Amino acid sequence: MADVTGPISTLANSSHEVPDGQTCDDHPDRPAVARIQGETDSFGCEMNDMCAECADKHRAYLRSPEAAEHRKGTCEWCKKPADDLRDRRDYEEGMSGRVYRVCGICVKKENDELAAEERARGDDHDDFDGDYDD
Ligand SMILES: [Zn+2]
Ligand SMILES: [Zn+2]
């Protein structure tokens, strides 16, 4: 089975160490030789375990024109054409929300906003007094 991780800093399609005894997601009778990170967002990602054959297919797919074609289209958030679309859930809707096809700019913007919100929450809003010298 594919694992779902918690928040993770590495990017989609990076390789990870395969846990001992792990089998291929598609071929349960074959040992996995590669663990490839799936689509990744601030919630974490899915890990895909692949046997040699599946790993080869996956790498070939990433280089293929179909894969490039799959990333092209119109961003569902900003409605602009993009060639780096990826699957993304709306943060407000959480893990049960639907998946959108979203461009890299919107993903970055959302990540920046989430980071800013986090900083704001951590801030002490009571230190507005006393700092005004004339
Ligand atoms: Zn396989
Ligand atoms: Zn967009």
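**Exercise 1.** Classify Asp 112 in this predicted model as buried, partly exposed or exposed, and identify the salt-bridge partner of Asp 112.

*Solution.* 
1. The relative accessibility of Asp 112 is 40%.
2. The side chain of Asp 112 meets that of Lys 108 in a salt bridge, with an N to O distance of 2.9 Å.
3. Both residues belong to helix 3; because they are four residues apart, about one helical turn separates them.

**Exercise 2.** Determine which strands are linked by the salt bridge between Asp 87 and Arg 101, and state the accessibility class of each residue.

*Solution.* 
1. The closest N and O atoms of Asp 87 and Arg 101 are 2.6 Å apart.
2. Asp 87 lies in strand 7 (residues 86-89) and Arg 101 in strand 8 (residues 99-102); the pair, 14 residues apart, links distant parts of the chain.
3. With a relative accessible area of 33%, Asp 87 is partly exposed.
4. Arg 101 has 18% relative accessibility and therefore counts as buried, the limit being under 20%.

**Exercise 3.** Locate the salt bridge between Glu 110 and Arg 88, and decide whether its two residues are buried or exposed.

*Solution.* 
1. The two side chains meet at 2.6 Å, N to O.
2. Glu 110 is in helix 3 (residues 104-122), whereas Arg 88 is in strand 7; 22 residues separate these distant parts of the chain.
3. Both Glu 110 and Arg 88 are buried.

**Exercise 4.** How many salt bridges does the structure hold, and which residues are linked with Arg 30 in a network?

*Solution.* 
1. The structure holds eleven salt bridges.
2. Arg 30 is linked with Glu 53 and Lys 57 in a salt-bridge network.

Definitions and conventions. Residues are numbered from 1 along each chain as its sequence is written. Chains are lettered from A and ligands numbered from 1 in the order in which they are written. This is a predicted model: local features need pLDDT of at least 70, side-chain atom pairs count only at pLDDT 80 or more; totals for chains, interfaces and linings use all residues. Side-chain values use heavy atoms; hydrogens and water are left out. A salt bridge is a side-chain nitrogen of Lys or Arg within 4 Å of a carboxyl oxygen of Asp or Glu. Helices (H or I, at least four residues) and strands (E, at least two) are DSSP runs, numbered from the N terminus. Buried means under 20% relative accessible area, exposed over 50%, partly exposed in between (1.4 Å probe, protein chains only).
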